Amino acid sequence: MQQLSERILHDGKCLPGGILKVDNFINHQMDPMLMRAMAEELARRFVGHSITKILTIEASGIAPAILVGECLKVPVLFAKKRVPSTLERMLTTEIFSFTKERSYTVCVSSDYLGANDRVLFVDDFLANGHAAIGMLDLIEQAGATLEGMGFLIEKSFQGGGQKLRERGIHVESLAIIESLDDCTITLKE
Ligand code: 5GP
């Protein structure tokens, strides 16, 4: 997506360890016009999939997910990173955080994810794919169907996208970063 690619090149910052900082327009300050355009593009790519629910993970997935949900006119469910003390009807899974370098438990209530749901997972970044695989685990526990996964930014050099596509998952990413070597952002054409 041209608009996003240009913004990444203009405002994105490389951090050591293959991290791209997009605090100027996605992860801290947000550009709602760009966010809406990105959501419309993701929704367009999954139109015809009969999606009944958007699933994301707090916190940075919520903004794009809610706008995709609005475009597709379906509810948006976010996995919580803090498991509530009332564990009843909670589905949980472990996710390794790439940016925080530790595992954490996330959960969703089975009241909101069930066998009739056809799910689109939406997140800001796809790196190694740990968050995505965790969400797939929750979807499978719920007996729901995964229709696809949509990301704003995929870092293809970390291999998550390849892993997911090899499992037959329909993955869409609006910008694909091939390398952040030497703190230079190289986008896939
Ligand atoms: P994965 O689970 O695919 O390894 O990493 C995806 C998650 O880690 C995303 O939910 C995102 O919040 C975070 N993440 C991974 N790489 C980056 C990055 O380069 N920049 C930012 N801001 N977040 C990232």
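**Getting to know a sheet, strand by strand**

Biologist: In what order do the 6 strands of the open sheet stand?
Modeller: Helices (H or I, at least four residues) and strands (E, at least two) are DSSP runs numbered from the N terminus, and two strands pair if DSSP finds at least two bridges between them. The pairing here is mixed. Reading across the open sheet, the 6 strands go β4-β3-β7-β8-β9-β10.

Biologist: What pLDDT do local features need in this model?
Modeller: Residues are numbered from 1 along each chain as its sequence is written, and side-chain values use heavy atoms, with hydrogens and water left out. This is a predicted model, so to speak a computed one: totals for chains, interfaces and linings use all residues, side-chain atom pairs count only at pLDDT 80 or more, and local features need pLDDT of at least 70.

Biologist: Why is one side of β4 left without a neighbour in the sheet?
Modeller: Look at β4 (76-79) and β10 (186-187), each of which has a single partner strand. One side of β4 has no neighbour because β4 stands at the edge.

Biologist: Which residue in β4 is the bridge partner of L55?
Modeller: Strand β3 (residues 53-57) runs parallel to β4, and 4 bridges join them. In one of the pairs, I57 has A79 as its partner. For L55, the partner is L77.

Biologist: Which residues make up the uncovered face of β4?
Modeller: In a regular strand the side chains alternate between the two faces of the sheet. The covered face of β4 has L77 and A79. On the uncovered face you find V76 and F78.

Biologist: At about what angle does helix α4 run to β8?
Modeller: Axes are lines fitted to C-alpha atoms, for helices over the stretch in contact (heavy atoms within 4.5 Å). Angles between N-to-C directions go from 0 to 180 degrees. Helix α4 (residues 130-142) lies across β3, β4, β7 (118-126) and β8, and its angle to β8 is about 165 degrees.

Biologist: How far is a polar backbone atom of G129 from an oxygen atom of the ligand?
Modeller: Of the 17 residues around the ligand (a heavy atom within 4 Å), those that come nearest are L20, D123, G129, A131 and K155. A backbone N or O atom of N128 lies 2.8 Å from a ligand oxygen, while for H130 a polar backbone atom is at 3.1 Å. For G129 the distance is 2.7 Å.

Biologist: Is K53 buried or exposed?
Modeller: K53 belongs to strand β3, and its contacts include V74, P75, L77 and Y112. Buried means under 20% relative accessible area, exposed over 50% and partly exposed in between (1.4 Å probe, protein chains only). With a relative accessible area of 12%, K53 is buried.

Biologist: And V83, what does it count as at 32% relative accessibility?
Modeller: V83 sits in the loop between β4 and β5 (90-97). Leaving out residues up to four places away in sequence, V83 touches T92, T105 and C107. At 32% relative accessibility, V83 counts as partly exposed.

Terms used
A polar contact is a pair of N or O atoms within 3.5 Å; within protein, one must be able to donate a hydrogen and the other to accept it, and residues adjacent in sequence count only if both atoms are side-chain atoms.
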